[in-house]
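Please load the model and keep the sequence beside it.

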Amino acid sequence: MTDASSFRQEPETTGDERATLTGFLDYHRGTLEWKCAGLTPEQLARRAIPPSTLSLLGIVRHLADVERSWFRRRLAGEAVPPIFFTETEPDLDFDGAVADPDEVATAFAAWRREVARAREITSAFELDDTFVHPQTDETLSVRWVLTHMIEEYARHNGHADLLREAIDGQTGE
């Protein structure tokens, strides 16, 4: 695997809660990038042990939609459609992950754009600022969103570990 230090840095815990939360989120984003580094499109699109539909490319596509959903659609209230996910085909973000170099480039570019936009949006809010979730009517804070995103990335990085082990032949699958 590629050297981790070129993709991710340990977050600093300076006592600044915003810096800590955004640092941990960036750490997990960088970890995903690191786990995808150096793989061919075919390897990135390789699914986990059947019948799972997960692949590393599917995870990237899914997280592009998650970033877009929380930071644009929920927090900023921007009326933007998901990139890969659709209401009629909810698993398209995973199932549509094919081993095509253009598809790989598109997925990573979309994910990076959404990460950059999320950073912009988050910087415009205080951690205690709230919004109402349109589907659940729950009042959620920016702090909650950042924590939720850290958990989302941590969970998917766990999936990525298993996939990377299978790709590298460490699991014998």
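The paragraphs below take these parts in turn.

This is a predicted model, in which local features need pLDDT of at least 70, side-chain atom pairs count only at pLDDT 80 or more, and totals for chains, interfaces and linings use all residues. Residues are numbered from 1 along each chain as its sequence is written, and side-chain values use heavy atoms, with hydrogens and water left out.

Start with the core. The largest nonpolar core holds 40 residues. Such a core is a set of buried Ala, Val, Leu, Ile, Met, Phe, Trp, Tyr and Cys residues joined through side-chain atoms within 4.5 Å. Buried means under 20% relative accessible area, exposed over 50%, partly exposed in between, with a 1.4 Å probe and protein chains only. Leu-32, Phe-71 and Trp-111 have the most contacts inside this core. Two or more residues each come from helix 1 (17–36), helix 3 (56–75), helix 5 (101–123) and helix 6 (142–167). Helix 3 gives the largest share, 10 residues. Helices here are DSSP runs of H or I with at least four residues, numbered from the N terminus.

Take Leu-32. Beyond its neighbours within four places in sequence, Leu-32 is in contact with Ile-59, Val-60, Leu-63, Trp-111, Tyr-153, Asn-157 and Ala-160. Contact means heavy atoms within 4.5 Å.

How far apart are the end C-alpha atoms of helix 5? They are 33 Å apart, in agreement with the 33 Å that its 23 residues should span at 1.5 Å a residue. The expected span is 1.5 Å times one less than the number of residues.

Now turn to Gly-58, which sits in helix 3. Gly-58 is buried, with a relative accessible area of 0%. Leaving out residues up to four places away in sequence, Gly-58 touches Asp-93, Phe-94 and Ala-97. The C-alpha atoms of Gly-58 and Leu-92 are separated by 8.8 Å, although the two are 34 residues apart along the chain.

Helix 3 also supplies the largest share of the lining of the largest pocket, seven residues. That lining has 15 residues, with Asp-65, Val-66, Ser-69, Arg-73 and Phe-85 nearest the pocket centre. A pocket is an open set of points on a 1 Å grid over the protein atoms alone, where a 1.4 Å probe fits, with protein on both sides within 12 Å along at least five of seven lines; lining residues have an atom within 4 Å of a point.
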